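My entries follow in the order in which I checked things.

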Amino acid sequence: MSEQPAPAPASETPLPADLARSLKRDGAGLVAAIVQQYDTNEVLMLGWMDDEALHRTLTSGRVTFYSRSRQEYWRKGDTSGHVQWVKSLALDCDGDALLVRVDQVGAACHTGTRTCFDGRDLDAVVGQAD
């Protein structure tokens with residue numbers, strides 16, 4: 001992921017100034033948002049948010065993303081019914097990723113699976129601590 005911050009001018013963001021200053025956006029002004037089921041810690045999906053999507057998520061109780069391919073906002077569940085109810089949000093230590101803990105209704109993945117990672121395991125050497 002690009003580490004290039006693309007700070008939005010404080011006058012153009014709907015976010016509180018401290019939060020807006022803390023975000024390290026990519027060149028398109030987006031921050032990765034990892035979505036996790038709040039009560040099982042299951043990782044459900046990854047989406048992207050700009051300041052407006054984050055503001056909508058913080059203030060509505062539902063998760064809104066910014067689609068990089070369609071270049072528009074989308075609120076999870078509006079067409080599928082697979083709503084994500086916000087339980088909490090956190091910003092990571094360097095400001096370039098969000099953790100959105102939700103109560104997921106139905107499938108999180110557009111393919112219809114519970115998570116975007118179902119059945120997509122990769123072979124990897126398993127390490128262990130000494």
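Which residue takes a positive phi in the hairpin of β3 and β4? I found that Q71 does, near 55 degrees, in a hairpin with 4 residues between the strands. I note that the model is predicted, that local features need pLDDT of at least 70 and side-chain atom pairs pLDDT 80 or more, while totals for chains, interfaces and linings use all residues. Numbering runs from 1 along each chain as its sequence is written, and side-chain values use heavy atoms, with hydrogens and water left out.

I took helices (H or I, at least four residues) and strands (E, at least two) as DSSP runs numbered from the N terminus, and counted two strands as paired if DSSP finds at least two bridges between them. β3 (residues 64-67) and β4 (residues 72-75) pair in the antiparallel sense over 4 bridges, and the partner of S67 in β4 is E72.

I next checked burial (buried is under 20% relative accessible area, exposed over 50%, partly exposed in between, with a 1.4 Å probe and protein chains only). From β3, T64 and Y66 point one way and F65 and S67 the other, and all are buried. In a regular strand the side chains alternate between the two faces of the sheet.

I then turned to β1 (residues 31-37), which 6 bridges join to β2 in an antiparallel run; Q36 stands opposite V43 there. Their hairpin has 5 residues between the strands, and N41 takes a positive phi near 65 degrees. Because 5 of the 7 residues of β2 (residues 43-49) are buried, this strand is largely enclosed by the rest of the structure.

Last, I looked up L19 in helix α1 (residues 17-22), which counts as partly exposed at 23% relative accessibility. Leaving out residues up to four places away in sequence, L19 touches L54, L58 and L91, contact meaning heavy atoms within 4.5 Å.
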